[in-house]
Structure formats: C-alpha cells, structure tokens
Amino acid sequence: MTEWPMTEWHDAAATDALDDDEVMALNIAGVPVALFRQEGGFFALHDLCSHGAARLSDGFVENGCVECPLHQGLIDIRSGAPCSAPITEPVRSYPVRVVGDRVEISLDR
Amino acid sequence: MTAMPERETTYVVVGGGQAAAWIARTLRAEGFAGRLVLIGEERHWPYERPALSKDFLQGTGSVEAITLLTPALAEEARIECWLGQRVVSVDREARIVTTADGRTVSYDTLFLATGGRARRLPGQDSLPADRVHTLRTLAESERLRGALAGAKRLLVLGGGWIGLEVAATARALGVGATVVEVAPRLCARTMPPVVSDWLHALHESHGVRVVSGVGVSGVAAMSDGVAVTLADGERLEADHLLLGIGIEPEVGLAAAMGLALDDGIVVDAQGRTSDPRVFAAGDVARHPNAFAGTSLRLESWANAQNQAIVAARAALGGAGVYADIPWFWSDQYGVNVQMLGLPGMGTRAVARGTPEAGSGCWLMLDESGIVTGAVAVNAARDLRVLRKLLEDGRAPLPDAWADTATPVQRLPSRPNIIMR
C-alpha cells in the first residue's frame, strides 16, 4: 500500500479579514506569506519578491497582479508568474483552501 | 557570378549598462530575429548600479545579484556582446559603427545607451589616485570597498544621493564620515527643504558630520591621505576622498554624429533621436516628460529600464510612449526613501504619518496647490497609490492626506492639473 504524504494545512486568517484586492502579511511556521483576495478567492504567495527581496504584502494590487513596492515589477497573484520587468523568476505560490469561515494555507508545495 | 549574400538585419546597442541590457533583452523578447550586437566599454557584463553604493560596497552583495545580462542569457538570446570595447565613431551615412580596436559592424537601427561619467574635480590629477574615488562603475565600487576596509575617515564631497549613500555605508563599516555640500542644504537640486533637513538629521544621528553651504577652496595630498580646505578656512583631513558631485552625460559620440543635444541626447517620447534610425535611452537621454510639462534627463534606475524598453519596442514599430512619472529611491541606514514626481518643485509639504520619525510620506504642493510630487520614508505603498492617482491626473485633497485613519486609496481626490 502506498502511503501518500498528508498535506499539512495551517490556519491563516478569517475569510472576512480581507476584501477583494487586499493583501495581508502572514508568518506561517516562520515562512513569510502574502495572502491575497481576488474576486472572492484566496491566493498565497511567498512574501518576498524574486527580484529585489521586498515584501509583496507591501505591494500595490491591481488587475490580478501585485506590484513589488521596491522596483515596480508585476507578479500574477494566482500563479506567482512574473508579468513585467525587472522580474524574471516566478514567486512561489502556496495552496489555499477555505474551511468554514477560515482560510488555510499549505506550505508543502 | 555569385550573388552577394544579403546582410542580416542588424541592431546595434552602444553601451553596457542597465539601459543597454534592457534594450537588448526587450528586442529579443518582442520578437526581433536579426543580428543583435551590444558594445560595452566595461569588461563586466551589464549590471544594475544601485547596489554599488550600498550592499555591494558594504561587501554583502555579489556581482551575480546585480548582473542583468549573463553570458548564458546572452547566448540563449543570441545577443553578441562585445565587452571592453569602446566605440570611437559612427558613420551615419554608411551606418557603420567602429570600435577603438578597429572592429566594425553595420547597423539598420542603432541605440545609444552611453550613460554618464562621474564629474571630476579641477586639479584632481595632482592628487594621489589611490586616495580619490568616484563611484559610477563596479570596478570603482570594488576599489572603494577595498579603501574603506583600511580607512578611519572618509571625506565625501557632494551631499547628493551617491554621497549620502556612501556616507551611510561607510558608517555601517565603522568608518568616520564627513559630507561637504556647497549648497545650503542636502539634495537641494531635487528635494524640498523638509527632506533636506530630515536627511541632515538622519546622517548626524548616525555620526556623520554634515557641512553645508561651504565651498572647497583647495585640495591637497598628504603622505597618508588627502586634506581639503573649505572656503571658510577650515581644514579637513581624511584617509580617502569620495567625489559625489554628479555625472556628465556621455554625449561625445552623439555630438560627433551630429545628433541634437541639450544636456544629453534629445529624444522623443519613444526614445528616437534627431536621426530616426538612432534611439537613445537611460541617463544620457533627455525626453519630453508630460508630468513635468518640460523635458527631463533622469538619472534613475526606473528611467534606465523603462525608457529602454519603450525605445526597443518603438524600434520594432511599437506605438507605446515613455510617460512615466519620475520615480526613484534610496536606501540609507535601513531606511527606504522613495521619491515621486518633482518634489523639489513643491513649496508646501503635507505629511501623512511621521516621515521624519521613520514612517510616512510628504506630499509636496506648489504655490497654486498643484501636487508636484512626494517623498515617502518606509511608506512605499502610500507612494504607489499616490502614483496611480497622479497618473490619472488626480491628487488627494491635502487635508485628507494627513488623515491616517483613512486608507490612502480611499482618500478624497481632485484633478491635478499638469504642471506648466
């Protein structure tokens, strides 16, 4: 029998803690995470720009992207993909689920 | 009879800095399939400069972290990089670029991203070269880093951003620093008095002596350093001298080519020079700036990147124009300072938060109440929201700006008439 690794979910925030296009800085088990709400859905990115090491949770959210506050590069909130110069490397995204009125994040992936 | 092979369409980029790298990268990213040659005078692969006065100078940064165009990336993108090569002439009729060692390349479109060179002091050559520094290149930063490692005292001539950043880094390395600025206050060319005063206090609180409003009447060599005599007679001695007195745009080649110049190469909103086959971008280019209502030559990281991208796209037929509101930042003592627009043109400052205490943003207005710009201290997001407003031709109501109980994106706003 194959034993699949269990996904560990971390309680992150209440679902009503964020409005659409808002972002919240979290520290989950020592990992900086930026939690975004977009069109009612939640998305989590590693809270560090892959270019200049600034906090994405300090960034400006617009049109599904977050703009790094240091160098103004754009990152896709849903995937972590780079959308504009100077960012060329993706930012790690984390799985998110909603259980009841709580948002949970997994750091496993 | 054998037909002459048709020459591949060739784009040539003169320059090896940030703007040059972004021109080359953008051309490929936007689908240019011809020959692409980048000719840089430095031997280093194109890199970004902001870290040269900060973490790289302090020894906590690496060359890899600032390199914009690596050998692998250049190979993958088929960008021929001629490094350590100086361009000595461009024949605009024949469209041929010639380097100092006699190499030539014919171009269809040429890009000039020649940047600037650090201003020197009259009589500088009579001073010991190992004691006098400028900071423009990676090699100069490495040299200054080595000098600071064995120094007790650094004297900085010039109270602009480079001088202040180097003074801050020197302090982080345990080196004493004195900054001498001939103007009555720091960063006087671009900043309002409220910001100059705050910078002055910030540096003094970290042990820097700031002398402003006094010129230099003489500089002399000592056996183990340099001595500077100020106009008021005071003599300052130091192990090393940093000249942070600005840059001159590197327009020698453009002048020889007969391009239109005005403290830089004159370009349109797409980076096109007076010769439609020649584009220019970065520190060397003077562009029409809609926000300022006049032409500007900007020496900033954002300008070098974004103007270069627009110029590369325009050369491929793109219709986009460079219309960014001026923006740049500085990091000193762990404090992030971001500047937007033309804050120095403002005469009235309205603070949101307490920037002078380390967190907040000054909104700057001119005498008619128009917002000319802003300076944020550890408040990048506020500045970003403000930028969006200004881009839309609006500005927050000044009284509302001071109300930190209301999120910045919900502040009431009004039209902000374009300046002049």
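1. A helix pair in chain B. Let's begin with the residues that B:Gln18, B:Ala19, B:Trp22, B:Ile23, B:Thr26 and B:Leu27 of α1(B) touch: in α9(B) they meet B:Trp301, B:Ala304, B:Gln305, B:Ala308, B:Ile309, B:Ala312 and B:Arg313. By class, this contact between α1(B) and α9(B) is made of nine nonpolar residues, three polar ones and one charged one. Please keep in mind throughout that this is a predicted model.

2. How the two helices cross. Helix α1 covers residues 18-29 of chain B and helix α9 covers residues 301-315 of chain B; their axes come within 8 Å, with a crossing angle of roughly 35 degrees. The crossing of α1(B) past α9(B) is right-handed.

3. The interface between the chains. How much area do chain A and chain B bury between them? The figure is about 1400 Å², and 50% of it lies on carbon and sulfur atoms. In terms of contacts, 17 residues of chain A touch 17 residues of chain B.

4. Polar and charged links across the interface. Four salt bridges are counted between chain A and chain B. In one salt bridge, the side chain of B:Arg410 meets that of A:Glu22, at 3.6 Å from N to O. There are also five residue pairs in polar contact between chain A and chain B, with both residues at pLDDT 80 or more. The side of chain A that touches chain B has six nonpolar, six polar and five charged residues.

5. A salt bridge inside chain A. Over all chains, the count of salt bridges comes to 29. A:Asp20 and A:Arg37 form a salt bridge, with their closest N and O atoms 3.7 Å apart. This pair links distant parts of the chain, 17 residues apart: A:Asp20 sits in the loop between β1 (9-14) and β2 (23-28) of chain A, while A:Arg37 belongs to strand β3 (residues 31-38) of chain A.

6. Most peptide bonds are trans, and most residues other than glycine have a negative phi. The bond from A:Ala85 to A:Pro86, however, is cis, with omega near 5 degrees; A:Pro86 lies in the loop between β7 (74-76) and β8 (93-94) of chain A. B:Arg95 is not a glycine, yet has a positive phi of about 60 degrees. You will find B:Arg95 in the loop between β4 (87-91) and β5 (96-99) of chain B.

Conventions
Residues are numbered from 1 along each chain as its sequence is written. Chains are lettered from A and ligands numbered from 1 in the order in which they are written. This is a predicted model: local features need pLDDT of at least 70, side-chain atom pairs count only at pLDDT 80 or more; totals for chains, interfaces and linings use all residues. Side-chain values use heavy atoms; hydrogens and water are left out. Axes are lines fitted to C-alpha atoms, for helices over the stretch in contact, and angles run from 0 to 180 degrees between N-to-C directions. Helices (H or I, at least four residues) and strands (E, at least two) are DSSP runs, numbered from the N terminus. A crossing is left-handed if the near helix is turned anticlockwise from the far one by less than a right angle, and right-handed if clockwise. Contact means heavy atoms within 4.5 Å. Ala, Val, Leu, Ile, Met, Phe, Trp, Tyr, Cys and Pro count as nonpolar, Asp, Glu, Lys and Arg as charged, and the others, Gly among them, as polar. Buried area is the accessible area (1.4 Å probe) that two parts lose on being put together, summed over both. A polar contact is a pair of N or O atoms within 3.5 Å; within protein, one must be able to donate a hydrogen and the other to accept it, and residues adjacent in sequence count only if both atoms are side-chain atoms.
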